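Here is a chain to walk through together, strand by strand and ring by ring. Please keep the model open beside the text as you read.

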Amino acid sequence: QLRLVESGGALVQPGGSLRLSCAGSGKTLDDYTIGWFRQAPGKEREGVSCITTSFDDDDGSAHYADSMKGRFTISRDSANYTVYLQMNSLKPEDTAVYYCNIPGNYWGQGTQVTVSS
């Protein structure tokens with residue numbers, strides 16, 4: 001069974017940075033495409049970023065929603081079976097619960113990111 005656990009959410013000021021982590025158990029995350037999503041109160045869950053594996057046709061590519069390009073970076077730590085989301089230049093509108101996901105309806109419990117002065 002593959003399980004996902006997010007961590008790293010916190011309260012930060014606008015312009016600050018956070019690094020979110022998505023750790024897997026049961027299997028390594030290197031075997032899967034991993035997506036980051038977020039959901040703010042009263043809004044639908046939206047895609048943030050995803051990263052493919054080296055076995056996929058794109059040979060392992062990172063993808064970002066338009067509003068995150070240039071600010072967010074997704075990466076893998078193969079040794080620790082972890083996927084990260086580095087978030088820089090955070091804005092109040094980035095406030096949400098952030099989830100990692102594997103296609104097939106595998107989700108973590110989420111981690112809260114709050115951007116406020």
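The paragraphs below go from the disulfide to the strands around it and then to the aromatic rings.

A word on the ground rules: this is a predicted model, in which local features need pLDDT of at least 70 and side-chain atom pairs count only at pLDDT 80 or more, while totals for chains, interfaces and linings use all residues. Residues are numbered from 1 along each chain as its sequence is written, and side-chain values use heavy atoms, with hydrogens and water left out.

Let us start with the cysteines. The structure holds 1 disulfide, a term that stands for a pair of cysteine sulfur atoms within 2.5 Å. Its partners are cysteine 22 and cysteine 100, whose sulfur atoms lie 2.1 Å apart. Cysteine 22 belongs to strand E3 (residues 18-25) and cysteine 100 to strand E9 (residues 96-102), so the bond ties together parts that are 78 residues apart in sequence. Strands here (E, at least two residues) are DSSP runs, numbered from the N terminus, as are helices (H or I, at least four). The torsion about the S-S bond of cysteine 22 and cysteine 100 is about 70°, and the disulfide is therefore right-handed.

How covered are these residues? Buried means under 20% relative accessible area, exposed means over 50%, and partly exposed is in between, using a 1.4 Å probe and protein chains only. Cysteine 22 and cysteine 100 are both buried. Cysteine 50, with a relative accessible area of 26%, is partly exposed.

Strand E3 also leads us to E8. The two run antiparallel and are joined by 6 bridges; strands count as paired if DSSP finds at least two bridges between them. Alanine 23, for example, has threonine 82 in E8 as its bridge partner. Strand E8 (residues 82-87) pairs with strand E7 (residues 72-77) as well, in the antiparallel sense and over 6 bridges. E7 and E8 form a hairpin with 4 residues between them, and tyrosine 81 in the turn has a positive phi of about 55°. E8 is mostly covered, with 5 of its 6 residues buried.

Now for the rings. Rings of Phe, Tyr and Trp (its six-membered ring) pair if their centres lie within 6.5 Å; planes under 30 degrees apart count as stacked, over 60 as edge-to-face and the rest as tilted. By this rule there are 2 aromatic pairs. In one, the rings of phenylalanine 37 and tryptophan 107 have centres 5.1 Å apart and planes at 65°, so the pair is edge-to-face. This pair links distant parts of the chain, with phenylalanine 37 in strand E4 (residues 34-39) and tryptophan 107 in strand E10 (residues 106-107), 70 residues apart. The rings of tyrosine 99 and tryptophan 107 are also edge-to-face, because their planes stand at 90°, with centres 6.3 Å apart. Together, ring pairs link Phe37, Tyr99 and Trp107 into a cluster.

Finally, look for charges over rings, where NZ of Lys or CZ of Arg is within 6 Å of the ring centre and within 35 degrees of the ring normal. The charged end of arginine 45 sits over the ring of tyrosine 99, 5.3 Å from its centre. Arginine 19 lies over the face of tyrosine 84, at 4.2 Å from the ring centre.
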